[in-house]
Amino acid sequence: MAVLWLDDVRSDDLETVGGKAASLGELTAAGLPVPPGFVVTAETYRTFIEEAEIDEELFEAVDVDPEDSKALAGAHERAHELIMETPFPEDVAAEILAAYRSIDDGEAFVAVRSSATAEDLPDASFAGQQETFLNVREDDLLQRVKECWASLFSQRAIYYRNQKGFEHDKVDIAVVVQRMVDAEKSGVMFTSHPSTGEPRIIIEAAWGLGEAVVSGAVSPDNYVVNRATQRTEDVTVADKKLMHVKDPETGETVEREVPDEHREERVLSDEEIARLVDLGEEVERHYGQPQDVEWAVYDGEVYMLQSRPITTISDTAVSNVENVSGGTDGAATDGEGDASAEQAGVGEVIVRGLGASPGIASGPARVVTKLDHLDQVAEGDIIVTEMTMPDMVPAMKRAAGIVTDEGGMTSHAAIVSRELGVPAVVGCGSATRQLEDGQPITIDGDKGTIREGVESKEKQRQPVEDARPKTPVKPMTATEVKVNVSIPEAAERAAATGADGVGLLRIEHMVLSLGKTPERFIDDNGERAYVDEIIEGVRTVADEFYPRPVRVRTLDAPSDEFRQLQGGEDVPREHNPMLGYRGIRRSLGNPSVFKLELEAFRRLYDMGYDNLEVMFPLVNDAEDVVRARKHMKEAGIDPEKREWGVMIETPASALQVGAMAEAGIDFASFGTNDLTQYTLAVDRNNENVASVYDELHPAVLELVGSTIETCREHGVKTSICGQAGSKPKMVQYLVESGISSISANIDAVRDVQHEVKRVEQRLLLDSVR
Ligand code: PEP
Ligand code: MG
């Protein structure tokens, strides 16, 4: 049998039908209203290539050197040709068409979606990269099915499998064919609160097809229903300017303006909400965990289009409490654990520092003075150390919180903790001496305090929650709001914020975590290995955000950070590394390493990551820019074709931005962490002068304001990617000054979106008053 009806599919048919179809089948089987459809099974694809005897040639054709971009393109072309030009066996074609004709008598518009299977190799199918076709009818159906099969051999998929050593013939692909719902209204539903897990159902709804809501093109209505009382507690009716509808002629999805009388009309009636709530309860009960559901209303019926578990509800707070209870006096866990934690309570503030990553966490202090003690850090411990380093990241991920003696708000500990979503207090002076190993403590990453004892579970708060939308509605803003990423592991959290792209991707972490200076790493492992490391890290982020833009920055770490690595003895010992050999001056002074970074970016462009933009740090003037641009060109990156730009981090660069604009930059991004330290002569990492480190100092603002003005005159985009971009006051100043985009920390993105929107609306109002 070439096809299976969704009614006959269950979740354990994953191997035959792939993940997407298995989940639709499971929903159908649970009696939920899913639009009808069938699956062309993975065996059908396999039999097709085997019976036509193209399998061996196919797998041979794609067995190429993944680093050879020409060979990769040739492999993709050959695989595509082999599949597309091989005719369907007649019986299979007949079976697929017969199945299609039995949906709405052959009149239906259907969606044709790839559903890859690679159970043992979860990543081998290169999830999300396979094709989907909408509004397909009989004439194109067979062709589209083959195109889905061929998408298993896109250049990126071939590259990925070859590089990881996954075998091409271990991956199969099924194809779902399902009636499209010509929705009158649609949206998403969270069966529990997506950030806190509270028993509240949140529904977002807009007119027309769901793409408008899912893609963020329209601000939908928002309904909050209390699951215990079944009452609708909150209704926010949005001004819905746009809707996506099906063009009755072509069947294609087109964007239309919502007629005036419906723009501010409430989308869902009480009956429809009640029906959705019933379905939400049913689906959560069925899966045993909160779900994120896509739904649509057509002809008065509610349909469920997809259901996925909500992965954003944090359960770490629970495990922290359990951990601490068990680790101190062996008290019971679960409900009793809470009670004992409550009884333990928290005492006085014993140490103070800077609140660097928000959230409250309790756990036993784990004082780490030597790197080789890191394996002593257990899940739920609070790391107490002088300063964190890239090698510590695995331990930081296990930790419930981080405390450091040294460092400011822009130090490694602060940046990485925020991205990992772990509360942190930095620059405490002597925490490693004042706190005892094993001592139960509670840290507050907002207030910058450390108290003795354990906080109750309810009062602990992970910043991961803060990164999630408070309401799932993303405010639409004219000024783009992006996010900063320093560790590729944070890419998924960063993308989940709904940011418009990555305003700064630092590659320092990827490089420093190799444990060796770039020069030593290249000596030991070769240039190719160094380039591969950068490709791997950057690609994780570029993939997560594609097609949203990702601004990747060339290496910028001060010499003292390199000195701690293997090979660090060859790095000059500098009296003041912040004024020393770092940023573009290091790259231009040592072009052999710089060239490899640029080669990595060029290869990523070749692989299709056209969402990358290149950014140069710590430039001073047009001469730096011209030299950097020349290297970029030599590496095969066309500065006319690709977006590239610089960071404004020194007063010199702010004063010289006009000349840099003439040298061809597309954008200038404020690195206020450095701009502040170089304008005010305040070392950003020195806790002794932290009180005079002020990113909102009038001198800093004047440099920022005049740079924006000059850039506007030259048609150069402006942005901020320093820590200050997450501060409401700075956001106000920047939006008023006309900045093009703001890049914030993961946990601040949603607040910044709201702040930007507020300022934009005020400016609009002022202009008409
Ligand atoms: C900055 O200086 O503001 C910046 C974003 O760069 P970094 O913190 O990496 O120096
Ligand atoms: Mg900087």
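Reply:
**Ligand 1 and its surroundings**

Ligand 1 is surrounded by 13 residues, and the closest are Arg506, Arg553, Gly671, Asn673 and Arg684. A residue is near a molecule or strand if one of its heavy atoms lies within 4 Å of it. This is a predicted model, in which local features need pLDDT of at least 70 and side-chain atom pairs count only at pLDDT 80 or more, while totals for chains, interfaces and linings use all residues. Residues are numbered from 1 along each chain as its sequence is written, chains are lettered from A and ligands numbered from 1 in the order in which they are written, and side-chain values use heavy atoms, with hydrogens and water left out.

Which atoms does ligand 1 meet through its oxygens? A polar contact is a pair of N or O atoms within 3.5 Å; within protein, one must be able to donate a hydrogen and the other to accept it, and residues adjacent in sequence count only if both atoms are side-chain atoms. In the side chain of Arg553, an N or O atom is 2.7 Å from an oxygen atom of the ligand. Glu649 brings a polar side-chain atom to 3.0 Å from a ligand oxygen. Asn673 takes part through its backbone, where an N or O atom lies 2.7 Å from an oxygen atom of ligand 1.

**The largest cavity**

Two of the residues closest to the ligand, Arg506 and Asn673, also belong to the lining of the largest cavity. On a 1 Å grid over the protein atoms alone, a cavity is a set of points where a 1.4 Å probe fits but cannot get out; a pocket is an open set with protein on both sides within 12 Å along at least five of seven lines, and lining residues have an atom within 4 Å of a point. Grid points are joined across faces, edges and corners, and a volume is the space filled by probe spheres set on the points.

The whole structure holds three cavities of 30 Å³ or more, and the largest has a volume of about 90 Å³. Besides Arg506 and Asn673, its lining consists of Ile415, Arg418, Glu419, Asn484, Cys721, Gly722, Gln723, Asn745 and Ile746. Helix H14 gives the largest share, three residues. Helices (H or I, at least four residues) and strands (E, at least two) are DSSP runs, numbered from the N terminus. By class, three lining residues are nonpolar, five are polar and three are charged. In this scheme Ala, Val, Leu, Ile, Met, Phe, Trp, Tyr, Cys and Pro count as nonpolar, Asp, Glu, Lys and Arg as charged, and the others, Gly among them, as polar.

A disulfide is a covalent bond between the sulfur atoms of two cysteines. Here it is counted as a pair of cysteine sulfur atoms within 2.5 Å, and the count for this model is zero.

**The second largest pocket**

The lining divides into 17 nonpolar, 16 polar and 16 charged residues.

**A cis peptide bond**

One backbone feature may close this account. Most residues other than glycine have a negative phi, and most peptide bonds are trans. The bond from Tyr546 to Pro547, however, is cis, with omega near 0°. Pro547 lies in the loop that joins helix H20 (527-545) to strand S24 (550-553). Arg553, whose side chain has an N or O atom 2.7 Å from a ligand oxygen, falls at the end of the range given for S24.
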